[in-house]
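My notes follow in the order I took them.

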Amino acid sequence: MGRAYQNRKESIAKTANAKSKVYSKYGREIYVIAKSGGADPDGNLSLRGLIDRAKKDQVPAHVIEKALEKAKGGAGEDFSPARYEGFGPGNCMVIVDCLTDNPNRTIGDVRQCFNRVKAKLGTSGTVSHMFDHCAILAFAGDDEEAVLEALMAADVDVTDIENEDGIITVFAPHTEYFKAKQALTEAFEGIDFEVDAIQFVPQTTTQVSGDDVAQLERFLDMLNDVDDVQNVYHNADY
């Protein structure tokens, strides 16, 4: 699968107020997951995994606690997930995942980003069938056989395992995330995940070059500046 999964945050890092945006996105997602499944991480595996990822991305404890307390209160915004798909500059495929309390506003904001770079917003399913929805766990190591054995012993459905530059990366269906992470944690004491995520990974890439590169970067920046946008995935190679 290569390292296409790394493109998720590349444009976020370019924005001047990057940290506050990352904190806001995590805070909103933690609130939604805690409100729907309970604010106790021990009883809500989705929440526990999300908090682990937030800490890995250096989200401050007070941001996490504020979102949890807000969810415990029961009141507040009623966010729902929304996913938009289409073709960006250079005809690359794009998936935009959002959490919104106003779908009309959100689709309007996302459509405006597409229109500004003369990109094409499609309908549901336009490009998502060309991506794999994967759990991705990467950590230091060099014995992929031992990793595979540990995962198979736990009956984890593994899609792929890569070993590159001393980093082992495990790909599994998104539904296997918790089982895979638990199996690895139990099998390898002190394991520290460099990547711990559920993402859309493209099955193929689209080469983007020339003027389309600048347009793509502008497009990704605009999408990440939309408050309701949580994650942007694409298959561009540039």
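I took contact to mean heavy atoms within 4.5 Å. The model is predicted, so I asked pLDDT of at least 70 for local features and 80 or more for side-chain atom pairs, while totals for chains, interfaces and linings use all residues. Residues are numbered from 1 along each chain as its sequence is written, and side-chain values use heavy atoms, with hydrogens and water left out.

**Core**

I looked up leucine 223 first. Leaving aside neighbours within four places in sequence, leucine 223 is in contact with Val94, Val96, Val110, Cys113, Val229 and Val232. A nonpolar core is a set of buried Ala, Val, Leu, Ile, Met, Phe, Trp, Tyr and Cys residues joined through side-chain atoms within 4.5 Å. Buried means under 20% relative accessible area, exposed over 50%, and partly exposed in between (1.4 Å probe, protein chains only). The largest such core has 21 residues, of which Val96, Val110, Phe219 and Leu223 touch the most other members. Two or more residues each come from S1, S2, helix H4 (103-116), H7 and S9. H7 gives the most to this core, five residues. Another core lies apart from it, with 19 residues, among them Tyr31, Val32, Ala54 and Val59.

Helices (H or I, at least four residues) and strands (E, at least two) are DSSP runs, numbered from the N terminus.

**Sheet**

I then traced an open sheet of four strands, in the order S3-S1-S2-S9 with antiparallel pairing. Two strands pair if DSSP finds at least two bridges between them. Strand S3 (120-121) and strand S9 (229-234) are the edge strands, each pairing on one side only. Strand S1 (residues 80-87) is joined to S3 by two bridges in the antiparallel sense, and glycine 86 stands opposite leucine 121 in S3.

**Helix H2**

How far apart are the end C-alpha atoms of helix H2 (residues 45-56)? They are 17 Å apart, which agrees with the 16 Å that twelve residues should span at 1.5 Å a residue. The expected span is 1.5 Å times one less than the number of residues. I listed the buried residues of H2 as Leu47, Gly49, Leu50, Ile51, Arg53 and Ala54. These pack against H1, helix H3 (61-73), helix H6 (177-187) and strand S7 (193-202). After H2 comes glutamine 58, with a positive phi near 65°.

**Strand S7**

Eight of the ten residues of S7 are buried, so S7 is largely enclosed by the rest of the structure. Strand S4 (residues 131-140) pairs with S7 over nine bridges in the antiparallel sense. For alanine 135, I found isoleucine 198 in S7 as the bridge partner.
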